[in-house]
2 protein chains.
Amino acid sequence: MTVTLHVCTTCRAGLPVAEGEKTPGTRLLAALALHQDLPPDLRVVGVACLSACDNGCAVALTGPGRWSYVYGRLSPDDAPDILAGARAYAAAPDGLSPWRERPMIFRKQSLARIPPMES
Amino acid sequence: MTVTLHVCTTCRAGLPVAEGEKTPGTRLLAALALHQDLPPDLRVVGVACLSACDNGCAVALTGPGRWSYVYGRLSPDDAPDILAGARAYAAAPDGLSPWRERPMIFRKQSLARIPPMES
């Protein structure tokens, strides 16, 4: 069952972005894409605006039958920790990965979580 | 197609809550439950922790095939506006209700939105 790591690519992280310059969100997506060792059940996709602009950069983890999570105040430097947390999420059938497997940014920088969709 | 308004009942909205006293989140759920004129395709449910503790009280709107939304910094006084926004959400097949139909709290107090789940 595939889980998705959504990365907000429009995020400016509260900073001015000069014309032609990449947004912090786009740089975060690029930093995540550099990692080639993702499990096959995890996909990383960019999305135009997660509406978490006050707390960018932001990512969201979702998957069928799972809790969804949104994390914020992230930077491209957090890419390895984000992927470690995403792997733990992918490995937990309900999305509730063990606390000890959650990177510090996931423990401290949760913006929200949403219960699984009921069919 | 039913949509769900999740209300975080554990939220303390950053305030101390005396023993035996209801949390602000529980009072928000009670304020919402007072409204009997909900459309049949909208259900209101309490949930223990939406992990938006820095921005409580919080609610989340979800539905199959729709964008999910999380709003924060809400109080029981916002119940009528929350329900107006939830009605507009329920009426939009993809959850993207027209901007003019979103109450001010939805325009200004978004914590995050998450793309629809892909099957």
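**Reading strands, helices and loops**

User: Which residue is the bridge partner of Y69(A) in β5(A)?

Analyst: That partner is R113(A). Two strands pair if DSSP finds at least two bridges between them. Strands (E, at least two residues) and helices (H or I, at least four) are DSSP runs, numbered from the N terminus. Residues are numbered from 1 along each chain as its sequence is written, with chains lettered from A and ligands numbered from 1 in written order. The model is predicted, so local features need pLDDT of at least 70, side-chain atom pairs count only at pLDDT 80 or more, and totals for chains, interfaces and linings use all residues, while side-chain values use heavy atoms, leaving out hydrogens and water.

User: How many bridges join β4 of chain A to β5(A)?

Analyst: Strands of a sheet pair through backbone hydrogen bonds, either parallel or antiparallel. Here β4(A), residues 68-71, is joined to β5(A) by four bridges, and the two run antiparallel. Across from V70(A) you'll find A112(A) of β5(A).

User: What is the order of the strands in chain A's open sheet?

Analyst: The five strands go β2-β1-β3-β4-β5, with mixed pairing. At the edges stand β2 (42-47) and β5 (110-114) of chain A; each has a single partner strand, so one side of each lacks a neighbour in the sheet. Neighbouring strands are turned by 15° against each other on average, direction ignored. (Axes are lines fitted to C-alpha atoms, for helices over the stretch in contact; angles run from 0 to 180 degrees between N-to-C directions.)

User: Which strands does helix α1 of chain A touch?

Analyst: Contact means heavy atoms within 4.5 Å. Helix α1(A), residues 24-33, packs on the sheet and touches β1 (3-8), β2 and β3 (59-62) of chain A, its direction making about 145° with that of β1(A). Helix α2(A), residues 79-91, lies across β1, β2, β3 and β4 of chain A, at about 15° to β3(A).

User: Is β5(A) buried or exposed?

Analyst: Buried is under 20% relative accessible area, exposed over 50%, partly exposed in between (1.4 Å probe, protein chains only). Five of the five residues of β5(A) are buried, so the strand is largely enclosed by the rest of the structure.

User: Where is the cis bond to C57(A), and which loop holds C57(A)?

Analyst: The cis peptide bond joins G56(A) and C57(A), with omega about -5°; C57(A) sits in the loop between β2 and β3 of chain A. In chain B, the bond from G56(B) to C57(B) is cis too, with omega near -5°.

User: What is phi of C49(B)?

Analyst: Near 80°, a positive value in a residue other than glycine. C49(B) is in the loop between β2 and β3 of chain B, partly exposed at 22%.
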